[in-house]
Amino acid sequence: MTRILVTGSTDGLGRATAASLLDAGHDVVVHARSSTRARAVADLVDRGAALVVCDLADRDEVVATATSLDGGPAIDAVVHNAGVLSGPSVVPVNVVAPYLFTALLGTPTRHVYLSSGMHRGGHPDLDGIEWAGRTASRSYSDSKLLVTQLAAAVAEHWPDVCSNAVDPGWVATKMGGAGAPDDFDLGHETQEWLATAPDAGTSGGYWFHRQQQEPHPAVRDRRLQRGLVDALAAATGVRLPER
Ligand SMILES: NC(=O)c1ccc[n+]([C@@H]2O[C@H](COP(=O)([O-])OP(=O)(O)OC[C@H]3O[C@@H](n4cnc5c(N)ncnc54)[C@H](OP(=O)(O)O)[C@@H]3O)[C@@H](O)[C@H]2O)c1
């Protein structure tokens, strides 16, 4: 049995990921932005999931939550699923929060980061990024390119950790919209497999429906990876530790 944190598990792909992992008999930590939104996972908590409440747009809350989780039962895997499409919280929620959970949780040996096919339209430059989210300084595509680079950087930094990015496809959720064409179940299966399966011990991949794809060339650029990790460390005061 594996203990997995799924961020953004109140809706959409995150909720489906958490429910499937519970169905498979794993220990799951579900996550909601507020105690009000936690009502959306009350059924999963009734089924045995642990609950953590944290607004991912609030850096202090993210640091406190990650620190507290790190002091509790060991988490084996994290599915960095929570995401927003627009607004000032795009960078804090889609990039900074996954970085902080990665840097501050000492036990996970698997990290799965939700990317998007839209990362291919993103720009990797770091100039002028408002990491704290006071303004909307980057697009959704930019943020998904950065988090895909982060997944690759973590794979390089920690050779013993499996770190991968997943494009779930365009699926019908609050974010994807009702008319999204891709298969919803295939949209969360790869994350579950990468987080838990004994035969999924791979790292540094960019996945779509359990198939590796070639991401934007900036993802594999070691200099850009290091620049991103250094910028996140400077912005947050939290470095990716050596292991
Ligand atoms: N749907 C698609 O077609 C698609 C395609 C490519 C990639 N993705 C990626 O897949 C992931 C899941 O997307 P989805 O379609 O399932 O989206 P969704 O239905 O909008 O769900 C997003 C989840 O993130 C949570 N969240 C957002 N901001 C938060 C914050 N500040 N603090 C805490 N939680 C927060 C939401 O909480 P609330 O319920 O409280 O809002 C919700 O649980 C995202 O990273 C997205 O970028 C989705």
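Predicted model: local features only at pLDDT ≥ 70, side-chain atom pairs only at ≥ 80, totals over all residues.
1. Overall composition. The protein contains seven helices and eight strands. Its radius of gyration is 16 Å, close to the 18 Å that the globule rule gives for 243 residues, so the protein is as compact as a globular protein of that length. The C-alpha trace extends about 45 × 40 × 35 Å along its principal axes.

2. Burial and contacts. Of the 243 residues in the protein, 47% are buried. Where contacts link residues at least 6 apart in sequence, 69% of them join residues at least 24 apart.

3. Strands 1 and 2 pair in the parallel sense, with four bridges between them. Within this pairing, R3 stands opposite D27 of strand 2.

4. The second pairing of strand 2. Strand 2 also pairs with strand 3 (residues 50–53), again in the parallel sense and over four bridges. Here V29 is placed opposite A50 of strand 3.

5. Is strand 2 mostly covered or mostly open? Strand 2, which spans residues 27–32, is mostly covered, and five of its six residues are buried. In a regular strand, side chains alternate between the two faces of the sheet.

Notes:
Residues numbered from 1 in each chain as written. Buried ≥ 20, exposed ≤ 12 C-beta atoms within 10 Å, placed from the backbone. Helix = DSSP H or I, 4+ residues; strand = E, 2+ residues; numbered from the N terminus. Pairing = 2+ DSSP bridges. Rg over C-alpha atoms; globule rule 2.2 N^0.38 Å. Contact = placed C-beta atoms within 7 Å.
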